[in-house]
Amino acid sequence: MSENVQAIVKSDSGGFEFTSLQRPVRRTESDILIKVTNISLNRGELDFPWESDKPAGWDAFGIVTETSADGQGPKIGQRVLTLSFSGAWSQYRVVDRANVAIVPESVPAAVAAALPVAGLTALRSLRALQLQPGQSLAVTGATGGVGHLLIQLAKHAGIKVTAVANSQRGLDWLQNSDVKPDAIVSAKEYPFEEAFDALVDTVGGDLLGHLLENVVPDGKVLILGVASGQVASIDTTILVSRGIDLISYKDYSPAGEDLSTLLNLISEKIIKVYADNIGNWDKVIKQDFLQLLAPGKVTLNVPQD
């Protein structure tokens, strides 16, 4: 086996480039070596402060080539899903077994690869909100990787969900998909008539300020991102007078158990990951990163030498 592998790293120009790096090696008893076959793209990866000498990327699907020395990890040859704060965009990655989940045979590699960051964020966000069946939730950026999964998870939990779409393309996609929120509204049509027990916002900017008015007393607002790139202007008197909790996502605990939960939900067809496999990973180098993103998630194939 070659001692070097191909990987994608952050370039000096701000984009990404291929490089040859030494094949990663296990450092601890719980480390596992994975041959990566599929990766996915996340919006946050574009601006993340990657170290120039380490592969970028968070999500990767692959095959175990060396299991953990303590014998508690998946077996050699098993299909696995992995998450770590770097190292995904490489032909091989090392990851702690606590951040690995065995992928059921019924779940395709390209679908599994789309799951880690988006799926975990959706699952753990819903958990943080502590909503009960019958309560209501609004989700902005509803066609995104996190948004479309959060809607399905909330629906499965008996929660009434309103999807807020940012464009006509998003409205059309939601109406024609199997995501099926209880209501679909355009971000341009506020003020909204509905009131929500909770709001999950991935967009920020003016939209957050407007939707805050629709959150009920003692409601919760969870901030996941600022895809709009706009600064949000918030009337804090609304937060204070209604006792609304404004919180941010911060659950970065080991991923393996929750990944297994999500994979089982997919295998049982309770939730669906919209994953568009667009081919070889060289597209990350040759094309504009943002132009590669689409409703749901985008995945790519990692060729081996």
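Two strands count as paired here if DSSP finds at least two bridges between them. The views below come from a predicted model.

**View 1. Strands β12 and β13 pair in the parallel sense.** Four bridges join the two strands. Strand β12 covers residues 215-223.

**View 2. Six strands make up an open, parallel sheet.** Their order is β10-β9-β8-β11-β12-β13. The edge positions belong to β10 (183-186) and β13 (245-248). Each of these has a single partner strand, so one side of each lacks a neighbour in the sheet. From one strand to the next, the twist averages 20°.

**View 3. Helices α2 and α4 on the sheet.** Helix α2, residues 116-129, lies across β8 (136-140), β11 (196-201) and β12. Helix α2 runs at about 150° to β12. Helix α4, residues 168-176, also packs on the sheet. There, α4 touches β9 (160-165) and β10. The directions of α4 and β10 make an angle of about 170°.

**View 4. The second largest pocket has a volume of about 170 Å³.** Lining residues include S106, V107, P108 and V111. I266, S267, K269, I271, K272 and V273 also belong to the lining. By residue class, the lining divides into six nonpolar, two polar and two charged.

**View 5. Aromatic rings of F16 and F289.** The count for the model is 10 aromatic pairs. In the pair shown, the ring centres of F16 and F289 are 5.9 Å apart. Their planes meet at 40°, so the pair is tilted; tilted pairs fall between stacked (under 30 degrees) and edge-to-face (over 60). F16 sits in strand β2 (residues 16-22), and F289 in helix α9 (residues 289-292). The pair therefore ties together parts that are 273 residues apart in sequence.

Note on methods. Residues numbered from 1 in each chain as written. Predicted model: local features only at pLDDT ≥ 70, side-chain atom pairs only at ≥ 80, totals over all residues. Heavy atoms only, no water. Axes fitted to C-alpha atoms, helices over the stretch in contact; angles between N-to-C directions. Contact = heavy atoms within 4.5 Å. 1 Å grid on protein atoms, 1.4 Å probe; cavity = no way out; pocket = protein on both sides within 12 Å on 5 of 7 lines; lining within 4 Å. Points joined across faces, edges and corners; volume = space filled by probe spheres on them. Nonpolar A, V, L, I, M, F, W, Y, C, P; charged D, E, K, R; others polar. Phe/Tyr/Trp six-rings, centres within 6.5 Å; stacked < 30°, edge-to-face > 60°.
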